[in-house]
Amino acid sequence: MLLGNDDWWRDAVVYQVYPRSFADANGDGTGDLQGVRGRLDYLARLGVDAIWLSPFYTSPLADGGYDVADYRDVDPRFGTLADFDALVAEAHGKGIRVIVDLVPNHSSDQHPWFQAGLRDRYIFRDQPNDWESIFGGPAWTQVEDGQWYLHLFAPEQPDLNWDHPEVRAEFRDILRFWLERGVDGFRVDVAHGMIKAAGLPDVGAKDGPQAEMLGDEQVPYFDQDGVHDIYREWRPILDSYPGGRMAVAEAWVSSPERLARYIGPDELHQAFNFEFMMADFHAKSFRTVIEKSLAEAELVGAPTTWVLSNHDKPRHVTRHGSLARARAATLLMLALPGSAYLYNGEELGLPEVLDLPDELRQDPAFLRRGESRDGCRVPVPWTAEPGCGWRDPWLPIPPEWTELSAEAQEDDPGSTLNLYRAALSLRRRHPALGGGTLSWLDSPEDVLAVERDPGLVVVLNTGERPVPPGVAGEVLLSSGPLAADGSIPPDTAVWIQRSGSATIDS
Ligand code: GLC
């Protein structure tokens, strides 16, 4: 089905669904595709343009589904292909597009190729080199006959050999398989990983784990030039389908300039801008990142993306230190030019769950490195009853989350759910939001003030004292209550429809 406008992704709000944790229709404690389908009205009411489904493919779930055993089928825990088709049809009927995750860097060790011993499709060597797994420990595991295979992640996730033509052909075919089923795009997992430096050279001397180098320096297994050939093969495939099929890269690279290389009319449409997610809650840090991101967007002639939370990082309520700050950061994000990616549950203001018992944690990174991403993957609370609408969920839901449930927030005008709804609805209606330009207004160091054309001003106060809004106009939305004299309290952001001049006094 065509939903119009091929450029829809440029200023879209995309909602990430982590299927295991989103909604459980069959009551087995694991979310499923029917569960997602049952919440489409909720998502339509929230006002998102698209959903991105994290992997729901056949998988032993050694890494939550990022270990795929069959790229063309649905894991029985999540449903069937028929459920998937019904979900896409119904989502499209409600004006919601559907993006799926594509995991090309590695398969599961249960994939038929690995099981059949087709070693040329993977990376086997007689001796390992010094590469380390992102999840901790060596990136090599030895098999019975003494050979070693490479896994940049868990041992259950052998890296594919992208020098092999069959691997390339297979993924072109997988793309077509899902495009034929009507998906609107792909989120490309570890998009910077598929090509390794020739000869697999050692990383060499270093202090501390290699994972700490990522983002600062280049390592021989990430961000190699050859990866761009793959995207140049894929783009014509995406473009050959009608309706604006897109791809967004998950690429952890050492600079915005390197990230920009993934984007363009002959490669991918977008890449996640993780710098915004990593920024401190301070006007200065946000401004630095926003300026860098916009400069990069200009460089590639495509709008950037904004992310505050996802399934790999602690939720931003916890990261930024409070719900008030999270709400304020959200209003900033949703007013910036480009597209925004939301993570399921952030619209409820969910915090990271920090006290999961170790024996319940399932993240492979926890076992290997002691750091766990399970705390942001706790199932989404739906009802205000004990259990929050889940029976025996795969991770326990804190009992106090009944108060954060969608049901509890539904009719509360001050709830985070209703803040997101109001922001997304205004974003759709207001001509200044979405794409377009941004200009900086003068403001004290702790205050960030930007104007979106025409006349929508966003002011974020990250300081310790209330500040006057600095512009005359109507407050359209505020992340928290304003003071009686209209000044903006600490940790608060406002959207103002400007009617006068703009200066913010220190
Ligand atoms: C990506 C995913 C993460 C996964 C890893 C390996 O970073 O977002 O969840 O563990 O790739 O596939």
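Reader: Is Asp312 buried or exposed?
Author: In this predicted model, Asp312 counts as buried, because its relative accessibility is 18% and the cut-off for buried is under 20%.

Reader: Where is Asp312 found?
Author: Asp312 sits in a loop, with β12 (305-307) on one side and α11 (316-320) on the other.

Reader: Which residues is Asp312 in contact with, leaving aside neighbours within four places in sequence?
Author: Those contacts are Glu250, Arg373, Cys376 and Arg377.

Reader: And what joins the side chains of Asp312 and His311?
Author: A polar contact, at 3.3 Å.

Reader: Switching to the ligand. Which residues come nearest?
Author: There are 14 residues around the ligand, and the nearest are Asp63, Asp189, Glu250, His311 and Asp312.

Reader: How many Å is the polar side-chain atom of Glu250 from an oxygen atom of the ligand?
Author: That distance is 2.6 Å for Glu250. His311 also has a polar side-chain atom 2.8 Å from a ligand oxygen.

Reader: What about Arg373 and an oxygen atom of the ligand?
Author: A polar side-chain atom of Arg373 is 3.0 Å from a ligand oxygen.

Reader: How much of the ligand's accessible area does the protein cover?
Author: On its own the ligand has 310 Å² of accessible area, and the protein covers 96% of that.

Reader: Last one. What is the shell around the ligand by class?
Author: The shell has seven charged residues, four nonpolar and three polar.

Technical notes. Residues numbered from 1 in each chain as written. Predicted model: local features only at pLDDT ≥ 70, side-chain atom pairs only at ≥ 80, totals over all residues. Heavy atoms only, no water. Helix = DSSP H or I, 4+ residues; strand = E, 2+ residues; numbered from the N terminus. Buried < 20%, exposed > 50% of the residue type's maximum accessible area, 1.4 Å probe, protein only. Polar contact = N/O pair within 3.5 Å; in protein donor to acceptor, adjacent residues only side chain to side chain. Contact = heavy atoms within 4.5 Å. Near = heavy atom within 4 Å. Areas by Shrake-Rupley, 256 points an atom, 1.4 Å probe, with all protein chains shown as cover. Nonpolar A, V, L, I, M, F, W, Y, C, P; charged D, E, K, R; others polar.
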